[in-house]
Amino acid sequence: LENGEWSKGRLQGPYVQVHAMSNVFHYGQTLFEGLKAFHQKNGDVVLFNPLENAERLRNGCKRLGMAEVSDDMFLEALSAVVKENL
């Protein structure tokens, strides 16, 4: 987040570096939204209710005073993660 705007983001390995003084450790301030993706018999991958997940994420951002993530950004990120893990 810079100047109130989310960056484009990037995929990285399975490990994330988090600063030891992060609020998530000291005050329990964190936001997580899980989502299920399913393989279809024809090989396609479908997401279960992604727009509802995006709405919950936005609501969580509001509660924590964070910049909101747009539906487009959320769906683009989901698409990139699913493609990377096929």
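**Figure 1. Asn53 is a buried residue of the predicted model.** The relative accessible area of Asn53 is 3%, which is under the 20% limit, and the residue therefore counts as buried. Asn53 belongs to helix α2. Apart from neighbours within four places in sequence, Asn53 is in contact with Glu33, Gly34, Leu35, Phe48 and Phe74. Across the protein, buried residues account for 12% of the 86 residues.

**Figure 2. Leu64 contributes to a nonpolar surface patch.** Leu1, Trp6, Leu64 and Met66 together make this patch, with an area of about 350 Å². Leu64 is found in helix α2, which covers residues 50-64. Its relative accessibility is 36%, and Leu64 therefore counts as partly exposed. For the protein, the accessible surface comes to about 7300 Å², and carbon and sulfur atoms hold 52% of that surface.

**Figure 3. Helix α1 and strand β2 mark the two ends of the confidence range.** Confidence is lowest in helix α1 (residues 23-26), where the mean pLDDT is 79. Strand β2 (residues 45-47) has the highest value, a mean of 94. The protein has a mean pLDDT of 88, with 100% of its residues at 70 or more.

**Figure 4. Three helices and two strands form the secondary structure of the protein.** From the N terminus on, the order of these elements is α-β-β-α-α. The C-alpha trace spans about 45 × 25 × 25 Å along its principal axes. Of the contacts between residues at least 6 apart in sequence, 45% join residues at least 24 apart.

Notes
Residues are numbered from 1 along each chain as its sequence is written. This is a predicted model: local features need pLDDT of at least 70, side-chain atom pairs count only at pLDDT 80 or more; totals for chains, interfaces and linings use all residues. Side-chain values use heavy atoms; hydrogens and water are left out. pLDDT is the predictor's confidence in each residue, from 0 to 100. Helices (H or I, at least four residues) and strands (E, at least two) are DSSP runs, numbered from the N terminus. Patches are made of residues with over 30% relative accessible area and no salt bridge: like charges are joined within 9 Å, nonpolar side chains (Val, Leu, Ile, Met, Phe, Trp, Tyr) within 5 Å. Accessible areas come from the Shrake-Rupley method with a 1.4 Å probe; for residues, only the protein chains shown count as cover. A salt bridge is a side-chain nitrogen of Lys or Arg within 4 Å of a carboxyl oxygen of Asp or Glu. Buried means under 20% relative accessible area, exposed over 50%, partly exposed in between (1.4 Å probe, protein chains only). Contact means heavy atoms within 4.5 Å.
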